[in-house]
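Hi,

Here is the structure I promised to pass on. Have a look at it first, and my notes follow below.

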Amino acid sequence: MASTPTVADIGSDYNRRYGFHDPEEYFMRTPKGLSHEVVEAISLLKKEPEWMREFRHKALDVFLAKPMPTWGDTAMLSEIDFDEITYYVRATEKQETSWDEVPENVKRTFDRLGIPEAERKFLAGVSAQYESEVVYHSVKEELTKQGVIFLDMDSGLREHEDIVRRHFATVIPAADNKFSALNSAVWSGGSFIYVPKNTEVAIPLQAYFRINAERMGQFERTLIIADEGAKVHYIEGCTAPVYSTNSLHSAVVELIAMKGARIRYTTIQNWSNNIYNMVTKRAVAHEDAVVEWVDGNIGSKLTMKYPAVILKGERAHGEVLSIAFAGPGQHQDAGAKMTHLAPNTTSKITSKSISKGTGRSSYRGLVKVRKGAHGCKTSVQCDALLIGGAARTDTYPTMEIAEDQVRVEHEARVSKIGDEQLFYLRSRGIRDDQARLMIVNGFIEPFVKELPMEYAVELNRLIELEMEGSVG
Amino acid sequence: MNHDSNPVFSCAGVRIHIGEKEVVKGVDLTVQPGEIHAIMGPNGSGKSTLANGLMGHPAYAVEGTVTLAGEDVSSLPPDEKARRGMFLAFQYPVAVPGVTVASFLRAAVSAVRGADVPVREFRKELLERMADLEMDPAFAGRYLNDGFSGGEKKRVEILQLLMLKPRFALLDETDSGLDIDALKVVARGINTAASNDTGMVLVTHYQRLLNYVHPHVVHVFMDGRIVRTGGPELALELEERGYDWLEPAAAAGGV
């Protein structure tokens with residue numbers, strides 16, 4: 001990489017090249033590649049407290065020291081070029097991408113899904129942000145009355161430093177894995193939510209509602225705290241394809257459910273097919289708390305994501321319900337982790353995957369029960385549907401049970417769209433392509449029915465698009 | 001029933017191979033609108049293969065001519081045959097998890113009628129037909145054949161017959177696995193379809209359905225062929241004497 005300046009070089013001519021001394025005026029984006037100078041620049045620009053600045057630098061050291069994962073799709077992982085990525089782009093900067101550069105197939109999908117113009121540009125990375133101000137205002141008023149904090153993570157840190165400092169990176173330490181370390185070093189954007197005791201947020205909170213939020217980031221960081229007895233549902237992402245020229249998305253999401261609290265976190269991920277999607281999601285559930293991850297992965301080139309719940313308090317319940325759709329050239333490596341630390345905790349994992357063409361999906365799961373955590377129950381169910389002879393699916397379930405008094409259920413099924421099912425539907429006049437779509441939609445129905453109406457409708461339409469041309 | 005010049009269904013010289021093996025060895029049938037034929041024969045004689053093959057099961061190679069309401073449909077795929085008014089009630093209906101009986105039937109009815117049926121109108125019709133078959137309305141929301149008992153599956157097949165109103169229906173062992181009450185309900189559905197001018201072929205190896213459904217024509221099917229054709233009295237004779245006495249006819253290649 002002769003053309004890439006060394007770390008020392010970047011530091012020495014920073015002021016001249018990037019107007020670094022006055023970030024507000026001149027700073028636009030960090031140069032490609034990752035270094036302590038880049039991390040310093042990000043932290044300085046955000047005027048962060050000292051502890052966060054140090055946190056970032058330490059995380060960078062961890063990232064640089066940690067090897068790439070030696071499991072998963074190592075061939076695809078090795079294609080990630082960390083030197084070619086821009087780690088921070090100021091949200092208010094006019095994006096480099098123009099509408100003309102957005103690939104035709106992405107535009108076509110926007111058309112077919114009926115996405116409004118302003119939203120399309122946001123999703124395609126052409127405009128800096130998309131805000132639904134009218135909706136936001138009424139939502140915000142209601143939330144403020146309840147004492148609910150809902151901000152982007154940067155504002156959260158500025159305005160509620162005490163809460164953030166107490167909880168930030170306590171569920172997912174920087175050193176958890178290479179990609180959580182990367183996120184910890186360069187994070188920007190994401191959501192910060194705090195729900196006070198015994199408060200129920202009546203509508204699902206969506207990133208769309210946030211005003212002045214940074215654009216759905218490459219390295220977003222989300223922290224949600226539901227205090228005792230509180231209840232909240234957060235929805236991330238959308239069904240429309242999200243296009244970005246930057247090929248790496250690496251988020252960290254931490255959830256904390258205090259005693260008796262309930263958190264549901266719903267994701268519909270549809271990154272365009274050039275994106276490596278490496279996300280670390282983990283929750284802590286205290287006594288009698290319930291955490292549910294509802295996780296849908298449709299897009300990206302490679303996704304590696306295993307939402308986790310640490311069942312820390314007695315009778316806590318954790319649940320992961322996920323679907324993955326791997327079309328040609330895609331690998332969805334998804335799963336779940338449940339760690340039973342306390343007695344009488346329960347967990348349920350339902351994983352559904354569809355692989356089409358040369359698509360590949362993997363379920364990778366871990367259920368751990370600590371010695372002394374008696375009376376636990378856990379059930380794991382994996383269903384895979386294959387479409388076409390070249391599609392592939394694998395399951396890697398791991399159970400580490402150190403306690404005798406537990407009930408463990410595991411079930412894995414692989415099916416193909418069967419000739420008998422097709423013949424049955426076709427003998428009722430239903431055309432071949434419609435019959436296939438019907439079978440696929442039936443397969444994901446248990447997931448879809450957990451989504452809010454508009455998402456469910458959009459997801460079904462999206463699956464319809466993905467299924468086109470899959471006959472034979 | 002005097003439509004002899006306009007049969008709703010006929011087939012001629014039908015032979016069906018499964019792999020190398022010839023299972024159906026030349027069958028001719030002619031069915032008039034509203035006419036009920038029974039095809040009776042011992043297990044393994046090829047009756048189900050005949051029914052599935054006529055409908056266009058992709059695993060079977062079918063030779064011969066199949067005519068539906070005067071049109072040659074021999075080479076048409078099963079969904080096209082269904083849209084032209086042909087129906088098969090399955091012996092073992094498969095489950096389609098996640099797809100409700102109601103949404104499946106709405107898609108099927110829309111496909112066969114060639115236009116989307118308004119939800120409200122469809123719902124009314126569906127609930128009426130379900131009531132005819134003494135089915136709990138909650139059934140409409142269950143996933144198609146998923147976890148259904150044998151009797152429930154057969155009722156849902158008959159429900160489809162009544163909703164789709166085909167010109168011609170093949171019913172493959174629709175009477176098997178039913179208790180007497182369910183058998184009466186299913187028989188009532190079949191009689192209703194016949195009174196709507198649907199021509200039908202009932203494939204069975206028991207006589208007991210014929211206590212409630214009165215066929216106009218009875219065929220005895222053995223070793224891939226129709227070996228004898230007669231009126232309702234033939235069914236009774238089979239009940240009394242079994243199939244053995246017909247063996248020589250089967251060996252000789254039919255009557």
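Let me start with chain B, where eight bridges join strand β1 (residues 9-18) to β2(B), and the two run antiparallel. Within that pairing, Arg15(B) stands opposite Lys25(B) in β2(B). Both strands belong to an open, antiparallel sheet of four, ordered β2-β1-β4-β5 (chain B). Its edge strands, each pairing on one side only, are β2 (21-31) and β5 (71-72) of chain B. Strands count as paired if DSSP finds at least two bridges between them; helices (H or I, at least four residues) and strands (E, at least two) are DSSP runs, numbered from the N terminus.

Before I go on: this is a predicted model, where local features need pLDDT of at least 70 and side-chain atom pairs count only at pLDDT 80 or more, while totals for chains, interfaces and linings use all residues. Residues are numbered from 1 along each chain as its sequence is written, and chains are lettered from A and ligands numbered from 1 in the order in which they are written.

Most residues other than glycine have a negative phi. Ser300(A), however, has a positive phi, near 80 degrees, and sits in the loop between β10 (290-297) and β11 (302-305) of chain A. Asp223(B) has a positive phi too, near 50 degrees, in the loop between β9 (217-222) and β10 (225-230) of chain B.

Are they buried or exposed? Ser300(A) is buried, with 27 other C-beta atoms within 10 Å, whereas Asp223(B) is partly exposed, with 18. (Buried takes 20 or more other C-beta atoms within 10 Å, exposed 12 or fewer, partly exposed in between; C-beta atoms are placed from the backbone.)

Cheers
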